[in-house]
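Subject: Structure for you to look at

Hello,

I am passing on a structure that I would like you to read through slowly, with the text beside the 3D view. Please open it first and then come back to the notes below.

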Amino acid sequence: MRRGACPSLAAPMASGDGLIARMALPEGLSPGQLAGLAAAATRYGNGLVEVTARGSLQVRGLRPETAGGFADTLAGLRILPAEGPPVLTGPLAGLDPEEIADPRPLAAALRRFDGVLLPKVSAVVDGGGALHLDAVPADLRLRATPKGWVVAVGGAAAAARVIGRYPVAEDAVAAGLAVLARLSAAGVRARDLDIGPAAGLPMRDPACPVGRFALVDGIGRGVALAFGKVEATALAALAGAVEGAAAIRPAPGRAVIAVGLSDAADRRLVAAAERLGLVTDPGDARLRVVACAGAPACGAALLPTRAIAGRLAGRVALPAGARLHLSGCPKRCAQPAGPAVTLVGTPGGPMVTGEGTTVAAALGARLLEEARA
Ligand code: SF4
C-alpha cells in the first residue's frame with residue numbers, strides 16, 4: 001500500500017473493516033445500477049456505502065477474495081468509474097440552466113493526461129451554477145466565467161493562484177494540461193510550485209447539495225448521507241423510490257442527487273429519504289458535523305467518530321459559521337475546509353482544537369466528556 005495513495009475499484013485499499021473501493025462516477029448511475037451496486041456492496045463488502053467530501057462513492061468491507069467479484073459485478077452492470085487523473089465536475093454539470101458552460105468536455109480532455117502524478121493530485125472543472133466547486137480544494141482549477149475560462153492552481157477557490165484567462169476552452173485545457181505536465185515532471189503537488197502569490201478567485205455563496213434544483217429537463221433532488229455513510233440496504237430502497245430518475249449522481253458534500261425527476265417522483269424520493277434517515281433539509285444540524293470513518297471502521301481510529309457525531313449533532317452550540325469535525329486520529333482525513341472545531345483522538349487521549357475559530361471552554365469540555373463516554 002503506497003503512503004498517501006487513494007483506493008480505487010481496481011486497487012482497493014485496506015482499512016480497519018476490510019478493503020475500500022472508491023469510484024468517481026461523474027455521470028452517476030441509473031436507479032437499476034444503484035440498486036445493483038447496493039446489492040453487490042452487501043454481498044461482497046460489509047454493506048456500508050459512503051460518499052466522500054469530493055463526491056466519490058466508496059464501498060467498505062471488501063475482502064481480498066471478494067474484491068474481484070465486486071469489480072466484475074459492477075462491470076456487468078456497466079458501472080464504469082472515470083479513469084485517468086481525478087477531475088471533478090459539479091454534480092449538475094450539463095443539466096443546470098444557470099451553468100455558464102458545460103465543463104464535461106474539458107474534464108474529459110484533462111482525464112486523458114497520461115503522465116504520472118502524485119496520488120492525491122486532482123483537478124476541478126467548474127462550469128458554475130447552483131452547485132459550483134469553490135469550496136473543493138484542487139491542484140488545478142478551471143472555472144467558467146462569462147468571458148471564458150480562468151485557470152488557477154492550488155487550494156480551494158479563495159486561495160487559488162490564477163495563471164491565465166482564456167476565451168477559448170481548448171486553450172484553457174492546454175494550459176491545464178501544461179500544469180499537470182509540470183506537476184508530473186517535478187513530482188510535486190501544486191502547493192509546491194513556485195507560481196506567485198495566491199490572489200484567489202471571487203467566492204460565490206456556499207453551495208449546498210441538499211434540496212430541490214430546477215434543471216433543463218425535470219427536477220434534481222439532493223439528499224445527504226448522515227455523516228457520509230449509508231447502509232447499502234437503505235441505498236437500494238432509495239434506488240427503488242427513484243425509478244423514474246434519469247440518474248443518481250454522487251455529489252461533493254457527501255450527498256447524492258437524483259436528476260430528471262417529475263414532481264411526483266420528487267415527492268416519492270423525499271418521503272423515502274426521510275424514512276431512511278437521510279438528510280433532506282439544508283438546515284439539518286447533521287450537515288454541520290463532519291466525521292471520518294473512525295472506529296470500528298478504520299484500524300487507526302482512537303474514537304468512534306460517527307457514534308459521537310450522532311450524539312452531538314444539533315446538541316452543541318458551535319461558533320457561527322464553524323463545523324464540528326470528529327477525527328478518529330491525528331491524520332484528520334476528513335478535515336473540512338473553513339472554520340471548524342475538531343475533536344481528535346490521539347495516543348495521549350482526545351484533544352479539542354479550533355481551526356479558524358476559537359473554542360469556548362464549555363464546548364471543549366463537553367466534547368472531551370463525550371469522547372470519554
Ligand atoms: S482520520 Fe484517522 S481514524 Fe479517521 S479515517 Fe483517517 S486514518 Fe482513520
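This is a predicted model: local features need pLDDT of at least 70, side-chain atom pairs count only at pLDDT 80 or more; totals for chains, interfaces and linings use all residues.

Residues are numbered from 1 along each chain as its sequence is written, and side-chain values use heavy atoms, with hydrogens and water left out.

The ligand is surrounded by Cys292, Ala293, Cys298, Ala300, Ala301, Ser327, Gly328, Cys329, Lys331, Arg332 and Cys333, where a residue is near if one of its heavy atoms lies within 4 Å. This shell divides into seven nonpolar, two polar and two charged residues; Ala, Val, Leu, Ile, Met, Phe, Trp, Tyr, Cys and Pro count as nonpolar, Asp, Glu, Lys and Arg as charged, and the others, Gly among them, as polar.

Helices (H or I, at least four residues) and strands (E, at least two) are DSSP runs, numbered from the N terminus. Helix α1 (residues 31–44) packs with helix α5 (residues 232–241) at an angle of about 165°, and their axes are 8 Å apart; axes are lines fitted to C-alpha atoms, for helices over the stretch in contact, and angles run from 0 to 180 degrees between N-to-C directions. That makes α1 roughly antiparallel to α5, a term used for angles over 145 degrees, with under 35 as roughly parallel, 65 to 115 as roughly perpendicular and the rest as oblique. In the contact (heavy atoms within 4.5 Å), Pro31, Leu34, Ala35, Ala38, Ala41 and Thr42 of α1 meet Ala232, Leu235, Ala236 and Ala239 of α5, and these residues divide into nine nonpolar, one polar and no charged.

Strands β16 (residues 323–327) and β17 (residues 340–344) run parallel and are joined by five bridges, and Leu326 stands opposite Leu343 in β17.

Best wishes

Definitions and conventions. Two strands pair if DSSP finds at least two bridges between them.
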